[in-house]
Amino acid sequence: QGKVSSTAFGSMVASEMSASPLTVARSPQRARRDGLDHIVLHLTTADFAVDVEGASLHVPRGAITVNTLSRPFRRGAAAERNSQILSLSRDLVVEFLPDPEAFHGRVLHRGFGDILGAHMRTLVEHGTAISPSEAAGVARATAQLIAAGLEPTRTRWSAAKQGRDAALSVRCRRYIEAHLRSPGLTPDS
């Protein structure tokens, strides 16, 4: 049993869902068959497990999952009570986030997750007050918000990798200098 109420904002749909426990699965065959190519964000009101391309993740209540419908995933059974769901067309998202697949399976909570969750709740609560002429702008602004929160994550990982590589290089140099006269200094060591 369940209830879903949705509001369309052009190429984005904001929904609120309540339902008895259900499992959600998207197989590669299903993705090829139905051709849906959206980015879906799900703000959950229950803990659940999700399998995304071989990785099993625990999603805590209040977290947001990011999934691209062109890729498979399987969510464990969980009851829904006023969960928020945003579905955005790929065309809208890639305008601001060129590679949404990089974030498939991402779990957002605290910080940006809280901000995005508040935005999702606001869209559901006040969505019917948005005029059709305003809807496209709201959808674009939402896509920009999502990109602003996700893209720095990739930038931070790249910057962190560069920093880790530089630190490792310094450690290697110090080790070599400290053991330069040691017969135990070998390529392996």
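## A loop residue with positive phi

Glu 53 sits in the loop that joins β4 (48-52) to β5 (55-59), where strands are DSSP runs of E with at least two residues, helices are runs of H or I with at least four residues, and both are numbered from the N terminus. The phi angle of Glu 53 is near 50°, a positive value in a residue other than glycine. With 46% relative accessibility, Glu 53 counts as partly exposed, given that buried means under 20% relative accessible area, exposed over 50% and partly exposed in between, with a 1.4 Å probe and protein chains only.

Asn 82, found in strand β7, likewise is not a glycine and has a positive phi of about 60°. Asn 82 has a relative accessible area of 38% and is therefore partly exposed.

## Basis of the model

The structure is a predicted model, in which local features need pLDDT of at least 70 and side-chain atom pairs count only at pLDDT 80 or more, whereas totals for chains, interfaces and linings use all residues. Residues are numbered from 1 along each chain as its sequence is written, and side-chain values use heavy atoms, with hydrogens and water left out.

## Overall form

The protein comprises four helices and eight strands, which follow one another along the sequence in the pattern β-β-α-β-β-β-β-β-α-β-α-α. Its radius of gyration, taken over C-alpha atoms, is 22 Å, while a compact globule of 189 residues would have a value near 16 Å by the rule of 2.2 Å times the number of residues to the power 0.38. Along the principal axes, the C-alpha atoms fill a box of roughly 75 × 35 × 30 Å.

Of the 189 residues, 34% count as buried. Where contact means heavy atoms within 4.5 Å, 73% of the contacts between residues at least 6 apart in sequence join residues at least 24 apart.

## Nonpolar cores

In soluble globular proteins, nonpolar side chains tend to be buried together. A nonpolar core is here a set of buried Ala, Val, Leu, Ile, Met, Phe, Trp, Tyr and Cys residues joined through side-chain atoms within 4.5 Å. The largest such core has 26 residues, of which Phe 9, Met 12, Leu 41, Leu 86 and Leu 88 touch the most other members. Two or more residues each come from β2 (12-26), β3 (38-43), β6 (64-68), β7 (73-89), α2 (90-94), α3 (112-126) and α4 (132-178), and the largest share, seven residues, comes from α4.

Beyond its neighbours within four places in sequence, Leu 88 is in contact with residues including Met 12, Leu 41, Val 93, Ala 139 and Ile 146. Apart from this core lies another, of 13 residues, among them Val 40, Ala 46, Val 50 and Phe 73.

Ser 83, placed in strand β7, has 0% relative accessibility and so counts as buried. Leaving aside neighbours within four places in sequence, Ser 83 is in contact with Ser 15, Glu 16, Met 17, His 42, Leu 43, Thr 44 and Thr 45. Ser 89 is also found in strand β7 and counts as buried at 16% relative accessibility. Between Ser 89 and Gly 10 there are 79 residues of sequence separation and 9.4 Å in space, C-alpha to C-alpha.

Asn 67 lies in strand β6 and counts as buried because its relative accessibility is 8%. Outside four places in sequence, its contacts include His 38, Val 52, Phe 73 and His 104.
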